[in-house]
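Thank you all for coming.

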Amino acid sequence: MPFFFYVIQSEADGSLYRGHSEDLRSRIKKHNNAESRSTKAKRPWRLVYSEKFSTRSEAFRREQFLKSPQGWGIWKTIREQIENSTNSERGAAR
């Protein structure tokens, strides 16, 4: 079974949360059902980015790397892609 590094975005304030999981659908439901202490205040959340890995350790390492100073540049690029995508969606909805 695959594992994922994922990024969700708060529809309340636009903030981003990074994590890893084996079951994305179930994990996002938990975020939206206030079953995660760190995200319950900024619900609802939506998936905006994910990467697929063959092992949990690979997904976890990716999460940790993108939260580290060494991964900051790559995280910045991913964040910009998310922001551009979000802005495009808002423009299309007008």
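Before we look at any side chains, let me say that a residue is called buried here when its relative accessible area is under 20%. Please also keep in mind that what you see is a predicted model.

The sheet is an open one, built of three strands in the order 2-1-3, and the pairing is antiparallel. Strand 2, residues 16-21, and strand 3, residues 45-53, stand at the edges with a single partner strand each, so one side of each is left without a neighbour in the sheet. On average, neighbouring strands of this sheet are turned by 20° against each other, if direction is ignored.

Let us now turn to strand 1, which covers residues 3-10 and pairs with strand 3 over eight bridges in the antiparallel sense. Along this pairing, Phe3 stands opposite Phe53, and Val7 has Tyr49 as its bridge partner. Towards strand 2, strand 1 is joined by six bridges, again antiparallel, and here Ile8 has Tyr17 as its bridge partner. Strands 1 and 2 form a hairpin with five residues between them, and in the turn Gly14 has a positive phi of about 85°.

Which way do the side chains of strand 1 point? In a regular strand they alternate between the two faces of the sheet. Here Phe3, Phe5, Val7 and Gln9 point one way, while Phe4, Tyr6, Ile8 and Ser10 point the other way, and all are buried. With eight of its eight residues buried, strand 1 is therefore largely enclosed by the rest of the structure.

Technical notes:
Residues are numbered from 1 along each chain as its sequence is written. This is a predicted model: local features need pLDDT of at least 70, side-chain atom pairs count only at pLDDT 80 or more; totals for chains, interfaces and linings use all residues. Side-chain values use heavy atoms; hydrogens and water are left out. Two strands pair if DSSP finds at least two bridges between them. Helices (H or I, at least four residues) and strands (E, at least two) are DSSP runs, numbered from the N terminus. Axes are lines fitted to C-alpha atoms, for helices over the stretch in contact, and angles run from 0 to 180 degrees between N-to-C directions. Buried means under 20% relative accessible area, exposed over 50%, partly exposed in between (1.4 Å probe, protein chains only).
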